[in-house]
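I set out to record what could be looked up in this structure, entry by entry.

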Amino acid sequence: MSSWYVGQHTKRGGIHPPRTSINRIGEHSSAMRRQEQRIDDKRILADYVQLKPGVLVVWDRQPHRVIELAERPLDLWGEKHEMRYATALEQWERGGKRGDRPEKATWGGRPYVFVLQPDGKPHEKPLHLIGPANHSWDVLPEHYAICSACGELPPCRHEIAEREADRQAARADVVMDIPPGHCLGCGEYVTPRQQAARFPGPNLWRPDLPEHSAVFHARQECSGEVDRYRRQWEARGNSNQQPSLFADDGPTPAR
């Protein structure tokens, strides 16, 4: 599953106070470049927001306001979080004990309670989320855009689905223009001298073509489309594809 990114400017948020400076190794030789670097540093530092009640954050593609933040008491961590802390200690020891030893009270992965209220919906039940203290949040400005149809932050699920549908439709149009004997991946002719992967049975992408016509170049740049076709082909109960043979050969049993 691909990652979703907010389609508008956000800042980075967390429970820790913002830094006041950035540690850098070395300096630019030019006075103006050093000045530009100081400006960049200020911009980077200003891009962080410490979470507190009232701050707008993104959760499940929708805007929420922070209502409450709280440490999970040590005696309520539970076995799962205790095991995570034990793993962090083990990794610190295996890594040569670099840096400070992780302590429960300050460990970045300690459980934290985030109480969020859907913005503009005071009658909805607040969300109580448990997450690591060092979780990074997307912080929204007070003026933000949402989809008028579904209320999600852009790009919403409908917009993404429409983009994908357009992409698939365009791809289908191109595939339907591929002549017989041409690679269904790149669309170029598969010569008798080129090794190819041919799938016996009906052509899943070009049902208008005869059986055993699904052929792909065996070269690396077409391998992604071969794998995609193979997954669809195997999902139909097939299993004896000949992975590499000359394009002008008919289907043969798998070796």
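This is a predicted model: local features need pLDDT of at least 70, side-chain atom pairs count only at pLDDT 80 or more; totals for chains, interfaces and linings use all residues.

Residues are numbered from 1 along each chain as its sequence is written, and side-chain values use heavy atoms, with hydrogens and water left out.

I placed S213 in the loop between β8 and β9; helices (H or I, at least four residues) and strands (E, at least two) are DSSP runs, numbered from the N terminus. Leaving aside neighbours within four places in sequence, S213 is in contact (heavy atoms within 4.5 Å) with R198 and N203. With N203, the side chain of S213 makes a polar contact of 3.0 Å. For that term I used a pair of N or O atoms within 3.5 Å, where within protein one must be able to donate a hydrogen and the other to accept it, and residues adjacent in sequence count only if both atoms are side-chain atoms.

I compared the length of α4 (residues 223–235) with expectation: its 13 residues at 1.5 Å a residue should span 18 Å, and its end C-alpha atoms are 18 Å apart, which agrees. The expected span is 1.5 Å times one less than the number of residues. I found V226, Y229 and W233 buried in α4. Down the axis of α4, the buried residues fall within an arc of 70°, so they line one face of the helix; the arc is that of the directions from the helix axis to the C-beta atoms. R231 and A235, on the other side of α4, are exposed. The cover over the buried residues of α4 includes β8 (195–199) and β9 (214–217). Just after α4, I noted a positive phi of about 90° at G237.

Which residues have the most contacts inside the largest nonpolar core? I found L184, F199, W205, F216 and Y229, in a core of 16 residues. β8, β9 and α4 are the elements that give two or more residues to this core. A second, separate core of twelve residues includes V57, V66, L116 and L129. A core here is a set of buried Ala, Val, Leu, Ile, Met, Phe, Trp, Tyr and Cys residues joined through side-chain atoms within 4.5 Å.

D60 and R157 form one at 3.3 Å, N to O. That pair links distant parts of the chain, 97 residues apart: D60 lies in the loop between β3 (56–59) and β4 (62–71), R157 in helix α3 (residues 157–176). D60, R157 and E152 are linked in a network of salt bridges.

I also recorded the salt bridge between R110 and E71, at 2.9 Å, N to O. R110 counts as buried because its relative accessibility is 7%, whereas E71, at 38%, counts as partly exposed.

Terms used. Buried means under 20% relative accessible area, exposed over 50%, partly exposed in between (1.4 Å probe, protein chains only). A salt bridge is a side-chain nitrogen of Lys or Arg within 4 Å of a carboxyl oxygen of Asp or Glu.
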